[in-house]
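Let's take a friendly walk through one protein model. Have the sequence and the 3D view at hand as you read.

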Amino acid sequence: MQIADQNVLYEALFAGENNIEVVGDAYEICNSVLQSQISATGNDWSITGSGGWLAIFTGFNQSVKRLFMSQSSKQLENIKRIVANKYVIRRTKKENTYLLELKHKKRA
């Protein structure tokens, strides 16, 4: 399955699709996730690294931030979180194309 649009990618990720080939806008989203994983700076949505009052304060700030985000920004943040947590991003032989594979495949 080849996907180029953010909305279609969102639906495919929530459906748990496997072996998704991404191009275009979807490629750019996956590329930003991959770059953040490489540089380890893309944990804006994670509060696991802190504890106590700082975790509570950070969680509160993020929930307030999400209240005022547009729907497309929330969707983009959700896509990035799902790709980072549930998928492996693989480079392909084609330029500007990635393959998303589920880390833990569903058993039939």
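## A buried glutamine

Gln-75 counts as buried because its relative accessibility is 13%, where buried means under 20% relative accessible area, exposed over 50% and partly exposed in between, using a 1.4 Å probe and protein chains only. This residue lies in helix H4, residues 71–86. Helices (H or I, at least four residues) and strands (E, at least two) are DSSP runs, numbered from the N terminus. Which residues does Gln-75 touch, leaving aside its neighbours within four places in sequence? Gln-75 is in contact with Gln-6, Asn-7 and Tyr-10, contact meaning heavy atoms within 4.5 Å.

A word on the model: it is predicted, so local features need pLDDT of at least 70 and side-chain atom pairs count only at pLDDT 80 or more, while totals for chains, interfaces and linings use all residues. Residues are numbered from 1 along each chain as its sequence is written, and side-chain values use heavy atoms, with hydrogens and water left out.

## Where H1 meets H4

The axes of H1 and H4 come within 10 Å and cross at roughly 45 degrees; axes are lines fitted to C-alpha atoms, for helices over the stretch in contact, with angles running from 0 to 180 degrees between N-to-C directions. That makes H1 oblique to H4 (under 35 degrees is roughly parallel, over 145 roughly antiparallel, 65 to 115 roughly perpendicular, and the rest oblique).

On the H1 side, the contact is made by Gln-6, Asn-7, Leu-9, Tyr-10, Leu-13 and Phe-14. On the H4 side, the residues include Gln-75, Leu-76 and Ile-79. The residues of this contact divide into eight nonpolar, five polar and no charged. Here Ala, Val, Leu, Ile, Met, Phe, Trp, Tyr, Cys and Pro count as nonpolar, Asp, Glu, Lys and Arg as charged, and the others, Gly among them, as polar.

## Two aromatic pairs

The structure holds two aromatic pairs. Rings of Phe, Tyr and Trp (its six-membered ring) pair if their centres lie within 6.5 Å; planes under 30 degrees apart count as stacked, over 60 as edge-to-face and the rest as tilted. The Tyr-10 and Phe-14 pair is tilted because the planes are at 55 degrees, with ring centres 4.7 Å apart. These two are four residues apart in helix H1 (residues 6–15), so about one helical turn separates them. Tyr-10 is partly exposed at 23%, whereas Phe-14 is exposed at 53%.

Tyr-27 and Tyr-98 form a stacked pair, 4.6 Å centre to centre with 20 degrees between the planes. This pair links distant parts of the chain: Tyr-27 in helix H2 (residues 24–39) and Tyr-98 in strand E4 (residues 98–102), 71 residues apart. Tyr-27 is buried at 12% relative accessibility, and Tyr-98 is buried at 2%.
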